[in-house]
Structures are given as C-alpha cells and as structure tokens.
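Student: I would like to go through this structure step by step. Could we start with a term that will be needed, and then turn to the residues?

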Amino acid sequence: MRPRTWWLAAIAPGALAIAMWISSPPPSRANGEKDHVDKGGHAHVPAPLDYADAHMPISGWTDPVMIARGKEIYVTKCAVCHGDSGDGKGPAGAALPLKPPDLRDKAGVAEMRDNYWLWRVSEGGQPEPFKSKGSAMPPWKADLSVEDRWAVIAYQHTFSGHQGPHVPWEHPEMVQVGRDIFAMACIQCHGVEGRGDGSVGATLSPRRAPQPRDLTSGQFKFRSTPSGQLPTTADLFRTVTEGVRSSGGPLTFGLSGHRIMPSFRHMPVAQRLEALEFVKSFYRGFWERAPAEAIVIPPAPPVTAERLARGKQLYADAECLACHGATGRGDGPSAPTLKDSTELPIAATDLTQPKRFKSGARPEDVYRTLRTGLAGTPMPSYADSLEPDQTWDLVYYVLSLSQEGIAREQPRGGGR
Amino acid sequence: MKKLLILLAVVGAAGVVAWSVATADEAPISGTVKAIDAAGKTLMLQTVAKGKTRDVTIVLKPESKIVKFVRPTDPGKTGFVEQALSLSDLKPGWIVSVTTRHEGDKEVADVVKVVLER
C-alpha cells in the first residue's frame with residue numbers, strides 16, 4: 001500500500017470512534033433511550049394483580065354512547081400526544097422520549113389486553129418497565145373515573161379498525177405468550193383445550209376426585225370470592241404458586257399430603273400471570289362478570305378455650321362431622337357417599353392433617369374456605385349460616401383437631 | 001487495488017457520516033416540573049432515567065421557546081396550534097418535554113413543550 005492509502009486506513013477507525021463519541025448522548029442528558037424510542041417501548045407486559053380482573057363490559061367496546069363519551073375525553077386530554085387519529089403523532093407526543101403507540105396498528109392493538117390497557121391509562125408511565133423507559137404518560141386514575149377510562153379505551157380501540165369487542169376470542173394474540181407457557185407447563189394435566197383431560201392428569205387418582213380442573217367449566221375450588229362466583233386472578237395466582245395438596249383418600253396412591261398440582265413458584269411472576277391470562281380465556285365468564293370482589297377476612301381474634309368450645313359446638317351443629325367425622329379424620333358417616341360435581345367419588349378432608357388442606361392451613365385460609373366453600377365439591381359455603389366471629393370459632397376448632405394446628409395456635413385466656 | 005481501497009475508504013467515511021447523522025439527534029428530556037426560578041431563568045425537572053429519579057436543572061435563554069398546544073379557535077380549523085408561554089406560566093406538577101443542548105455543564109433549553117397541565 002502507498003502512504004496515502006495507509007493514511008486513509010488509519011484515519012477511518014479514528015473517525016468512526018469520534019463519530020460514536022459525539023453521537024452518544026452523555027447519560028446525564030436525556031431520559032429517553034433511542035432503542036426504546038425506535039421500538040415504541042410498548043412492551044405488553046402482564047397487568048399486575050391489582051388490575052388483572054379489570055375487564056371492559058363486552059358491550060362497551062361497540063357501545064356508541066360510550067365511544068362518544070370516550071372521544072370527548074380523548075380529544076381534550078389525550079390527542080395532544082396520541083394524535084387526533086391515534087397515530088401517536090400528536091404535537092406534544094412527538095417530543096417525548098418514549099413515543100405514544102400507534103393505535104391504528106391492528107397487530108399491536110390486538111396484543112394489548114384490556115386490563116393492561118386500563119392499567120396503563122390509570123397508572124401512566126409510573127410503573128416499571130415504562131418508568132425506566134422514560135414514559136411521560138400521566139396517570140389518569142385521579143382525574144378520570146373507571147367508566148371514563150374505559151370510555152377512552154373504547155374510543156382508542158376504534159382507531160384499530162376492529163369492529164367487535166376486544167377480547168381473547170377475537171384476538172388470540174393477546175394470550176399467545178400464556179398459551180405457549182401453558183403448552184409447556186400445564187397441558188400434561190389440563191389438556192390442550194383446558195378440559196382437564198391431559199395425558200398425565202387422570203393417572204394421578206384414577207376414577208376418583210380430584211381430577212385436573214376443567215378450566216372451561218368456570219368452576220374453581222380455591223377462591224376468595226363468594227360462593228357461586230369465579231375466582232379473582234389473585235386466587236388463581238395463589239393456586240398456581242402454592243400448588244394443590246392431596247387431601248388423601250384410598251386411591252391417591254402415595255400422594256397423601258403431597259402436591260397433586262405442583263407449585264409453580266419457581267416460574268417468574270410475569271410468566272405465571274401470562275399463563276393465567278390464557279387460562280382465563282378458556283371461560284368467557286371472566287369477561288362477562290361484574291367486577292370481582294374478594295370476601296373480607298377480618299383480623300384473627302385470639303384463641304381462647306371459650307372460643308374452642310363454641311367452635312366444637314358449631315362443628316356439630318353445622319354437621320361438619322357428617323363428612324369429616326367426630327375426630328376430624330374424614331371418616332364421618334356421609335364420607336363414603338361423597339361425590340363431586342362430575343359424579344366422581346371424593347374424600348372428605350382429614351382435618352387432623354393440615355398439610356392436606358388444599359386451600360391452605362393458616363387460620364385465614366381455613367376462614368376463607370369456610371366462607372366460600374369449595375366449588376364443585378360437597379364442601380359448602382357457611383357465609384350465610386355463620387357470623388364472622390362464629391367462623392373464627394370454627395376455624396380454631398378445626399385447627400385444634402391436629403397436633404400441628406394446636407401447636408400453631410396456642411389458646412390464650414384460660415387454657416384448655 | 002488503489003481504486004478499490006479509495007472506494008472502500010469513501011464508502012466507509014460516508015457510512016460513518018450517515019450513521020453519525022442518524023444517531024446524533026438528542027433524545028428529549030421529559031419530566032414533571034418541580035420548581036421554576038423565573039429570576040434565574042431556570043427550570044427544575046424531576047425525571048426518571050434508567051429507573052432512577054433525579055432532578056435536572058434546565059437553563060432558559062432568550063431564544064428558548066416554551067409552548068403548549070391548543071385547539072385552534074378559527075372556525076373550520078382542526079388539529080393543534082402552538083401557543084407561546086413564558087417561564088412564569090409554567091407550574092410545578094406540569095409534565096413537559098424539553099429538547100436541550102449542552103453548553104459547558106449546563107442543559108440549555110431549545111424548546112420546552114407542555115405535555116400536561118395539572
């Protein structure tokens with residue numbers, strides 16, 4: 001090579017380095033990251049449990065009155081950033097580090113779940129990961145009622161051109177991530193279509209309850225909601241996280257006290273939430289119900305000998321002993337005849353073995369079970385027949401039937 | 001060989017220039033107005049960058065613009081029009097987006113755009 005060529009070859013890397021140094025914004029200058037700007041930064045992460053049960057009433061998506069109300073709010077509060085046409089190019093939005101999304105993008109909108117949408121409108125750019133991306137989206141929960149926020153969302157939805165309701169059965173894309181997780185972790189027991197007919201599940205306790213849940217049935221045992229209602233997403237999350245223990249019974253080979261549904265505690269929270277969004281999509285009732293409300297569990301009172309005595313009386317009066325037996329071993333006179341809602345024989349839980357309590361053995365867990373019942377099983381709800389304080393009496397008596405329960409909840413005020 | 005090397009060098013230099021131009025645009029700073037010093041001609045913004053909240057002081061020079069966007073009042077006109085504001089018009093709590101340039105160790109505003117008044 002000639003000297004001039006050498007000079008060119010030497011200066012090129014230097015020029016490149018100088019250009020990189022000049023063009024890289026010092027970290028103190030801006031809070032927007034170019035990568036996020038380019039991608040729009042709109043990661044459709046699952047909504048947190050506080051918002052997971054929020055769903056637009058299905059008719060709202062196409063309700064002209066609601067859409068008109070949403071438009072009225074949108075043009076005054078949102079369009080300056082999101083644009084009059086929803087293209088994300090409003091004059092104020094153009095200067096933002098994290099650009100508003102293009103709501104005309106059918107594919108992008110199809111992936112957005114309604115609870116995610118409400119979460120974003122309500123909390124704005126405050127939650128992570130949007131905060132770190134420099135989102136300037138204001139939180140609107142203090143300025144707009146929930147109905148108004150849904151109205152704005154219904155109007156924004158019209159930009160995508162989709163005419164129907166924005167629900168998973170119209171846009172399977174919105175639960176695609178959860179579907180993939182379900183395929184890896186759940187179909188072995190719950191089956192491809194969630195009917196509880198996976199290849200492994202039935203072998204756990206053949207011809208006997210419990211069988212893997214038919215997720216299309218809308219019946220869920222472990223809830224914090226009143227009898228007859230669907231669980232909250234937090235209830236489903238608890239079940240997935242804790243797993244389900246076997247209550248015993250003659251045909252649960254070697255499984256007494258062990259989990260018949262494994263704990264998915266090891267799975268990242270976001271993945272569990274994604275999987276649950278897919279699970280919920282098996283049953284449209286999750287989108288058709290009124291807002292889910294969990295029962296209130298009052299603070300646990302102290303355990304006293306008097307309370308235990310009252311609980312023992314209630315145990316007899318409420319006919320708990322008919323199934324669970326006088327000593328709580330699950331050997332009451334009705335126990336052999338018990339069947340679940342699918343007509344499969346089901347064992348009464350052995351109350352002397354708290355580790356077999358499917359919905360948990362802490363006092364508040366037992367309280368919840370007594371108030372809600374276990375849907376699809378003979379275990380009824382006592383919400384209508386017992387006062388809250390009486391329920392605590394019964395909780396402590398049930399726990400006193402086991403050595404573990406006695407050890408955990410030492411009686412006070414008189415002893416035993 | 002010589003022509004090839006010169007061609008490679010030119011293409012490389014052009015690429016570097018193009019890349020620099022493409023990436024040199026400064027991302028704006030957005031945040032909530034925390035304090036206004038009308039006498040000192042500064043604006044303190046609370047911003048979040050990489051998950052950390054911090055305060056950034058923006059210096060306003062005579063040529064710095066402060067604008068908000070309003071609906072046009074002319075009949076038949078749609079969209080938004082810019083409305084000039086002064087520094088004293090800004091209020092703590094408002095959300096703004098600012099394009100800045102570095103002057104020494106100072107962030108000097110080119111344009112302050114009001115995103116939300118609250």
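Tutor: Buried means under 20% relative accessible area, and exposed means over 50%. Keep in mind that this is a predicted model.

Student: Is A:His82 buried or exposed?

Tutor: The relative accessible area of A:His82 is 10%. The cut-off for a buried residue is under 20%. Therefore A:His82 counts as buried.

Student: What distance separates the C-alpha atoms of A:His82 and A:Arg179?

Tutor: Along the chain, A:His82 and A:Arg179 are 97 residues apart.

Student: Why is the pair of A:Phe182 and A:Phe278 called edge-to-face?

Tutor: The ring centres of A:Phe182 and A:Phe278 are 5.2 Å apart, and pairing needs centres within 6.5 Å. Planes over 60 degrees apart count as edge-to-face. The planes of A:Phe182 and A:Phe278 are at 65°, so the pair is edge-to-face.

Student: Which helices does this pair of A:Phe182 and A:Phe278 link?

Tutor: A:Phe182 and A:Phe278 are both buried. They lie 96 residues apart, in distant parts of chain A. A:Phe182 is in helix H8 (residues 176–185) and A:Phe278 is in helix H11 (residues 269–280).

Student: Which residue lies over the face of A:Trp140?

Tutor: The residue in question comes from chain B, and its distance from the ring centre of A:Trp140 is 5.5 Å. The residue over the face of A:Trp140 is B:Arg118.

Student: How many disulfides are there over all chains?

Tutor: A disulfide needs two cysteine sulfur atoms within 2.5 Å. For A:Cys320 the closest cysteine sulfur, in A:Cys323, is 8.7 Å away, which is too far for a bond. A:Cys320 is also buried, at 8% relative accessibility. Over all chains, the count of disulfides is 0.

Student: Is A:Asp148 buried or exposed, and which residues is A:Asp148 in contact with?

Tutor: A:Asp148 is placed in helix H7 (residues 146–158) of chain A. Its relative accessible area is 16%, so A:Asp148 is buried. Leaving aside neighbours within four places in sequence, the contacts of A:Asp148 are A:Arg69 and A:Ile73.

Student: How many residues does domain 1 of chain A bring to the contact with domain 2 of chain A?

Tutor: The domain assignment gives chain A domain 1 (36–158), domain 2 (172–288) and domain 3 (305–409). The centres of domain 1 and domain 2 of chain A, taken over C-alpha atoms, are separated by 31 Å. The contact takes 15 residues from domain 2 of chain A, and from domain 1 of chain A it takes 16 residues.

Student: What is the average pLDDT of chain A?

Tutor: In chain A, 83% of the residues score at least 70. Over residues 19–40 of chain A, however, the pLDDT is below 50. The average for chain A is a pLDDT of 85.

Terms used:
Residues numbered from 1 in each chain as written. Chains lettered and ligands numbered in written order. Predicted model: local features only at pLDDT ≥ 70, side-chain atom pairs only at ≥ 80, totals over all residues. Heavy atoms only, no water. Buried < 20%, exposed > 50% of the residue type's maximum accessible area, 1.4 Å probe, protein only. Phe/Tyr/Trp six-rings, centres within 6.5 Å; stacked < 30°, edge-to-face > 60°. Helix = DSSP H or I, 4+ residues; strand = E, 2+ residues; numbered from the N terminus. Lys NZ or Arg CZ within 6 Å of the ring centre and 35° of its normal. pLDDT = per-residue confidence, 0-100. Contact = heavy atoms within 4.5 Å. Domains from an automatic or database assignment.
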